[in-house]
2 protein chains.
Amino acid sequence: MPPPTWFTELEQGCHGLTIREDRVLVDTHTSFQRLKIFENAALGRVMLLDDVVMLTERDEFAYHEMLVHPGLLAHPRPARVLIVGGGDGGTLREVVKHPEVERATLCEIDGEVIDYSREFLPFTATAFDNPVSRVVVGDGLEFMRAHESGFDVVIVDSTDPVGMAEGLFRSPFFRDVRRALRPGGIMVQQTESPFFEIEPWMDIFSQLTSVFSSVRCYGAAVPMYPSGYWTFAFAADSTTPWEHFDEERAARLPSLRYYEPDLQQAAFALPRFVREMVRKAGAHV
Amino acid sequence: MPPPTWFTELEQGCHGLTIREDRVLVDTHTSFQRLKIFENAALGRVMLLDDVVMLTERDEFAYHEMLVHPGLLAHPRPARVLIVGGGDGGTLREVVKHPEVERATLCEIDGEVIDYSREFLPFTATAFDNPVSRVVVGDGLEFMRAHESGFDVVIVDSTDPVGMAEGLFRSPFFRDVRRALRPGGIMVQQTESPFFEIEPWMDIFSQLTSVFSSVRCYGAAVPMYPSGYWTFAFAADSTTPWEHFDEERAARLPSLRYYEPDLQQAAFALPRFVREMVRKAGAHV
């Protein structure tokens, strides 16, 4: 047998995660990026895009549940939901758990991510054929420019803010999102880890604060993302994460493994150093 | 130049953390274990015991603040505090921030850990010479057997529950701790990550629950420990983390980077899968 191959993802060039590739299922270049899916004995299936971990079967529930439920539960009736990115389907899977959702539109730039996810990631790709789901293969930046006032919640489930996804972390995109929200609308975005890349992290919150009147940060544990501590932005103009929160509605959500109703408050209680970064960026603490 | 050396710490044999060793400062065998201290360009100084990361200069604040402050702030007057383990000094550094502490005893089995920490980890070894500090070099199990009714808070800051430290996670030790607590006393223990080693994690809480009438779990983000999500047990017979909590007292603690008064509540709001593990182990949720 050949020696095992290990995938390593470094932070700051000198520390990071390493994962043994026990069986490679896909290793290809799509029109946009390198896509690799392999199996690991402990983590299950692992998807990489451009050599960055997008998800592992073992811990994706933490990221996807915490990206979706705080925002949707903050809206009294999230009938129209847009997901920008999220081609693996995990975010869509969580969105369609909410009976208030009448249409869940997913706009993913790379259709091959969806195709490979449907084939190899059946645990996330559960809802593409759900009656409320609409899939658009296209550029999220262009999609947002073309849409006005149609969504109650917009969820940005992107790759890291470098290269292709960079525009999804800048104020022109945020202005388009804001325009596309119906009154009382909410935007939620994955905002990386605050532990190692301080300036880029603060810049996301500064850009958000320049567009939305109320921007808050919350956190969750996602072991296979850098530092294992991940943050999310909750942005709105006229509501908070708690104004419309209904604990009974939250308790009715099926098959949760991470989200708990008391996290709707507690996830916004940040470690002091994060709170200070949020404050310096001008967002709510 | 020789190629760089990388330290790798695996979980479940097939994934883990990797850290470049930019400069090795110490690599020795004490009477008890292998001790290594090296520098990494991003993480600063890193201490390993038996090839497991004990701390990095970059993120030790998260672990030490969250091990110490929730427990001490739950006690109305923590005059006598015992630390079992903690030879690097980081826990002691946090304990002596509390003006209520009249005596902080640290019982560390491996005196060489203290010696090397004083020499190479000046950022944690700040309080060994503090007037309230007492250092005992000895076995924590024996120390607890010999002491009765002397402490308000006992903090167990041990290595992982294998080998030398295993007894610090078992009910006979917990019974000795309970006997050594004054009325209203509290024990806090580091309890590893709940993400990957499910059964050993639950066993710690089962053993605690067999001894203390009230056992709770709280969490914090510690990037350089496995999974980046770390848990702690709060065990007591006649109090809770909140009964005696005084927000103004918390706000007066100097130079905090992780602990915030609102984490006194929020850190106990657990992800659902952890909450279910706690419940199955018989502890409070």
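Which residue just after helix 9 of chain B takes a positive phi? That is B:Gly282, with a phi of about 90 degrees. Before going further, note that this is a predicted model, where local features need pLDDT of at least 70, side-chain atom pairs count only at pLDDT 80 or more, and totals for chains, interfaces and linings use all residues. Residues are numbered from 1 along each chain as its sequence is written, chains are lettered from A and ligands numbered from 1 in the order in which they are written, and side-chain values use heavy atoms, with hydrogens and water left out.

Let's start with chain A as a whole. Chain A has nine helices and 13 strands; these are DSSP runs numbered from the N terminus, with helices being H or I of at least four residues and strands E of at least two. Of its 285 residues, 62% are buried, meaning under 20% relative accessible area with a 1.4 Å probe, counting protein chains only. Take the contacts between residues at least 6 apart in sequence, and 66% of them join residues at least 24 apart; a contact here is heavy atoms within 4.5 Å.

Now back to helix 9 of chain B, residues 272–280. Its buried residues are B:Arg272, B:Phe273, B:Val274, B:Met277 and B:Val278. An α-helix has 3.6 residues a turn, so residues three or four places apart point the same way. The cover over these buried residues comes from both chains: it includes helix 1 (60–74) of chain A, along with helix 6 (198–209), strand 12 (214–221) and strand 13 (229–236) of chain B.

On to the nonpolar cores, each a set of buried Ala, Val, Leu, Ile, Met, Phe, Trp, Tyr and Cys residues joined through side-chain atoms within 4.5 Å. The largest has 182 residues, and A:Phe212 and B:Phe212 touch the most other members. Beyond its neighbours within four places in sequence, B:Phe212 is in contact with residues including B:Phe174, B:Leu181, B:Met187 and B:Ala235. There is also a second, separate core of 13 residues, with B:Ile37, B:Met54, B:Leu55 and B:Val113 among them.

Last stop: B:Val26, which sits in strand 3 (residues 23–29) of chain B. B:Val26 is buried, at a relative accessible area of 5%. Setting aside residues up to four places away in sequence, B:Val26 touches B:Leu35, B:Lys36, B:Ile37, B:Tyr116 and B:Phe120. B:Gly71 is 45 residues away along the chain, and the C-alpha atoms of B:Val26 and B:Gly71 are 33 Å apart.

How values were computed: Buried means under 20% relative accessible area, exposed over 50%, partly exposed in between (1.4 Å probe, protein chains only).
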